[in-house]
Amino acid sequence: GEYLNPGDAVLQVIDVENIEVSAQIQFGDLASIEKSAELWFEHADKAYPVAVRATLNALNSATRDQEMRLNFTEDSALPGAAGQLYWRDKRPHLPGNLLVQRGNELGLFVVENEVAKFVPITDAAPGRAVAVNFPLDTRIVIEGFYSLSDGDTLTSQGRAMR
């Protein structure tokens, strides 16, 4: 007892039979994770399949993240292992570098009748891939969109005519 301060933990009890993952999830990713086709925890270059057990109904006030608890469905990582949570979303996504801000909204430009149309994406985050539900034949502007405005006429090469 001479080496301990009041309140210091003397021991830690670990349940090695019911190991779970505690993950801090960005609020916008929750629905995607819960509907994902595949979900796994990766530690030391090994993937461990997991399933959602519970999502805590509270946001971390500092990070704005929400805690999710997951169970291992096959082998489990060692208790205390740190890693990353990965999932495969069924929805099509576009890369985050296509997002631009117009006014107070993030979105991207599509081509309709050779005219640039700004489409706001409500759950977009700067620099992050974004899920979209456009028809598969939708033409997306992938170059020169930083200087585009909604309604600009485009040439056949996709450049704005002014």
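**View 1. Gln66, a buried residue of strand E4.** With a relative accessibility of 7%, Gln66 counts as buried, a word used here for under 20% relative accessible area, while exposed stands for over 50% and partly exposed for values in between (1.4 Å probe, protein chains only). Gln66 belongs to strand E4, which covers residues 65-72; strands (E, at least two residues) are DSSP runs, as are helices (H or I, at least four), and they are numbered from the N terminus. A polar atom of the Gln66 side chain lies 2.7 Å from the backbone oxygen of Leu56. When neighbours within four places in sequence are left aside, the residues in contact with Gln66 include Ala23, Ile25, Leu30, Thr55, Leu56 and Leu59, where contact means heavy atoms within 4.5 Å.

The model is predicted, so that local features need pLDDT of at least 70 and side-chain atom pairs count only at pLDDT 80 or more, whereas totals for chains, interfaces and linings use all residues. Residues are numbered from 1 along each chain as its sequence is written, and side-chain values use heavy atoms, with hydrogens and water left out.

**View 2. The largest nonpolar core, with Phe109 and Phe134.** This core has 21 residues, and Phe109 and Phe134 are those with the most contacts inside it; a nonpolar core is a set of buried Ala, Val, Leu, Ile, Met, Phe, Trp, Tyr and Cys residues joined through side-chain atoms within 4.5 Å. Strand E8 (105-112) and E9 each supply at least two residues of this core, and the largest share, 5 residues, comes from E8. Not counting residues up to four places away in sequence, Phe134 touches Leu94, Leu108, Val110, Val119, Ile121 and Ile140. Apart from this core lies another, of 15 residues, among them Val21, Ile25, Leu30 and Ala77.

**View 3. Asn113 and Glu114, in the loop between E8 and E9.** Asn113 has a positive phi of about 55° although it is not a glycine, and at 76% relative accessibility Asn113 counts as exposed. Glu114, likewise a residue other than glycine, has a positive phi near 60°, but at 31% relative accessibility Glu114 counts as partly exposed.

**View 4. Pro126, in the loop between strand E9 (115-120) and strand E10 (130-131).** Pro126 is exposed, with a relative accessible area of 67%. Pro126 and Leu106 are 20 residues apart in sequence, and their C-alpha atoms are 7.6 Å apart in space.

**View 5. Leu11, in the segment before strand E1 (20-26).** Leu11 has a relative accessible area of 63% and is therefore exposed.

Note on methods:
Polar contact = N/O pair within 3.5 Å; in protein donor to acceptor, adjacent residues only side chain to side chain.
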